[in-house]
Amino acid sequence: MSLINYSSREINCKIVYYGPGLCGKTTNIQYVYNKVAPETKGKLITLATEMDRTLFFDFLPLELGTVRGFKTRFHLYTVPGQVYYDASRKLILRGVDGIVFVADSQTSRYDANIESLYNLHENLEEYKLHVDDLPFVIQYNKRDMPEIIDLEDLEEELNPEGYPSLEAVAITGVGVFDTLKTVAKGILQRLSQN
Amino acid sequence: MVKADWTIYEEDYWAINSVLKELLKNSNSQSVLLIDKTGQMIASVGLEPDFDLMSFASLCAADFEANSQLAKLIGEKDFTTLYHQGSDESMYLSKVASHIILVVLFNKRTTLGLVRLRVKKAVEGLNTILSTLFDKLEYENEDLKEFDEEFAEELTKEIDALFSD
């Protein structure tokens with residue numbers, strides 16, 4: 001839910017990374033954290049288990065420059081991908097402005113992607129939202145892995161509606177910024193068009 | 001033209017701020033913060049905490065939401081207040097209107113009883129201000145002329161600059 005504060009002259013927007021367990025949501029955010037200039041980023045908060053699996057969420061605030069006196073911030077969140085953390089996933093979606101669905105390109109994760117995407121639709125419905133209502137970007141991650149699903153097949157199964165989609169190797173940063181740029185620009189466009 | 005999901009105008013901000021300041025003084029606490037349930041900071045008064053406020057706000061919202069779900073599981077509608085006791089610093093959180101959280105940080109200079117009492121009064125004041133604010137948003141359907149496509153273009157340039165490998 002974008003929030004405009006006229007007194008502190010701030011605009012805040014929330015971007016959520018969604019996807020099946022171990023698809024690379026946290027890796028996306030960690031790459032962004034490591035690469036952006038120190039003055040533009042806040043603290044990276046990670047609520048993870050001892051095994052480094054996301055328990056509740058990761059959070060990273062990013063600050064754009066000041067435009068016409070307004071400071072614009074993007075708050076990046078990841079959800080826990082594991083199936084049994086559904087209650088936490090639902091909470092993170094509250095007030096979302098834009099969603100990145102990180103799909104795992106590996107053949108073995110085919111069903112997990114479908115299940116997670118279906119789960120996203122279900123959870124959005126709880127907030128009376130649909131992916132059509134907000135900027136939605138699909139990232140096909142792990143394109144460097146040996147056994148991966150063809151891009152066409154992924155598109156056919158996960159993206160028949162033709163939402164913006166990108167290939168990525170989040171661990172090395174390929175496609176990470178492009179994904180974020182696509183969703184961030186989508187949010188700004190939506191704000192100025194309303 | 002920008003349409004936010006919600007907006008705080010200057011006059012509302014100052015009205016909110018004065019309630020927070022009064023609470024800070026009357027409860028003898030360290031800091032008082034107002035956060036929305038999506039984890040965004042609205043206002044803060046008192047000692048500037050030496051931690052990252054953005055992270056603090058997002059964790060408070062998550063804390064409140066997680067507890068609200070716990071309440072539902074045990075058959076309660078909601079937990080409207082939460083209290084976290086530390087050996088030196090403590091926190092008292094209270095729900096305001098439908099989606100705002102008031103957070104009071106305090107130490108041994110005051111007591112939980114006093115904080116709780118003063119928060120109750122402050123919540124009443126904030127509820128009045130916020131319900132007027134939400135009504136205003138509903139009826140005015142805010143038309144924020146300061147933001148137009150040019151504004152979005154300028155921000156887009158900022159995005160390109162920030163997210164470059």
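Me: Which residue of β6(B) stands opposite B:V32?

Reply: B:V104 does. This is a predicted model, where local features need pLDDT of at least 70, side-chain atom pairs count only at pLDDT 80 or more, and totals for chains, interfaces and linings use all residues. Residues are numbered from 1 along each chain as its sequence is written, while chains are lettered from A and ligands numbered from 1 in the order in which they are written.

Me: How do I read strand pairing? Which strands pair with β2(B)?

Reply: Strands (E, at least two residues) and helices (H or I, at least four) are DSSP runs, numbered from the N terminus. Two strands pair if DSSP finds at least two bridges between them. β2(B), residues 31-36, pairs with β6(B), residues 100-106, in the antiparallel sense over six bridges. β2(B) also pairs with β3(B), residues 41-46, again antiparallel, over five bridges. There, B:L33 stands opposite B:S44. The hairpin of β2(B) and β3(B) has four residues between the strands, and B:G39 takes a positive phi near 95°.

Me: Which way do the side chains of a strand point?

Reply: In a regular strand they alternate between the two faces of the sheet. From β2(B), B:S31, B:L33 and B:I35 point one way, and B:V32, B:L34 and B:D36 the other.

Me: Is β2(B) buried or exposed?

Reply: Count C-beta atoms, placed from the backbone, within 10 Å of a residue's own: 20 or more others means buried, 12 or fewer exposed, and in between partly exposed. Six of the six residues of β2(B) are buried, so the strand is largely enclosed by the rest of the structure.

Me: How do I read a helix?

Reply: An α-helix has 3.6 residues a turn, so residues three or four places apart point the same way. In α3(A), residues 110-126, the buried residues are A:N113, A:S116, A:L117, A:L120 and A:L124. They cover an arc of only 100° around the axis, which puts them on the same side of α3(A). That arc is taken from the directions from the helix axis to the C-beta atoms.

Me: What does the other face of α3(A) carry?

Reply: The face turned away carries the exposed residues A:D111, A:Y118, A:E122, A:E125 and A:E126.

Me: How many residues of chain A are in contact with chain B?

Reply: Contact means C-beta atoms, placed from the backbone, within 7 Å. 41 residues of chain A are in contact with 43 residues of chain B. The largest share of chain A's side, nine residues, comes from α5(A).

How values were computed. Contact = placed C-beta atoms within 7 Å.
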